[in-house]
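Hi,

Here is the structure I said I would pass on. Have a look, and my notes follow below.

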Amino acid sequence: MGRVQNITGCFQPVSRRCGEDNAIAFSPDGGEIEIAVRSAGATQVVEVRDHGPGAPDYALPKVFERFYSLARPATGRKSTGLGLAFVREVARLHGGDASFENAPSGGAIARIVLPR
């Protein structure tokens, strides 16, 4: 349990950029956001899942590009488009990676995978 707390505390700024802030922005009012931290073989995985609309198919290959941003459903405003690009860069510098996908049942999953 201490190990999970250390990982969560260490990567809290990264996980916020990776998923929490985006999950909040793309979730409907009162929607649920799930955050999971687990071990998978020689890696640690942090996942943030929302239950919003997910990303359009055309956007999936672009979400980690610098300055790429989608309009938030509630406001129509875009962000700087730097958050997910930053997350992937930091993950790769630490020997890991970041990914983003639409969940089969709706919403999106942002994932950071790092070596143990």
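Which residues make a nonpolar surface patch of about 260 Å²? They are Ile24, Ile33 and Ile35. (Patches take residues with over 30% relative accessible area and no salt bridge, and nonpolar side chains are joined within 5 Å; areas are Shrake-Rupley with a 1.4 Å probe; a salt bridge is a side-chain nitrogen of Lys or Arg within 4 Å of a carboxyl oxygen of Asp or Glu.)

Before you go on: this is a predicted model, where local features need pLDDT of at least 70, side-chain atom pairs count only at pLDDT 80 or more, and totals for chains, interfaces and linings use all residues. Residues are numbered from 1 along each chain as its sequence is written, and side-chain values use heavy atoms, leaving out hydrogens and water.

Ile33 sits in strand S1 (strands are DSSP runs of E, at least two residues, numbered from the N terminus). At 31% relative accessibility it is partly exposed, meaning between buried (under 20%) and exposed (over 50%), with a 1.4 Å probe and protein chains only.

S1 (residues 33-40) runs antiparallel to S2, with eight bridges joining them; strands pair if DSSP finds at least two bridges. The two form a hairpin with two residues between them, and Gly41 in that turn has a positive phi of about 65°. On its other pairing, S2 is joined to S4 (residues 108-115) by seven bridges, again antiparallel.

Seven of the eight residues of S2 (residues 43-50) are buried, so the strand is largely enclosed by the rest of the structure. Asp50 is in S2 and is buried without a salt bridge; Arg49, the nearest side chain of opposite charge, is 6.5 Å away (Lys and Arg count as positive, Asp and Glu as negative; His and chain ends are not counted).

Cheers

Notes. Helices (H or I, at least four residues) and strands (E, at least two) are DSSP runs, numbered from the N terminus. Patches are made of residues with over 30% relative accessible area and no salt bridge: like charges are joined within 9 Å, nonpolar side chains (Val, Leu, Ile, Met, Phe, Trp, Tyr) within 5 Å.
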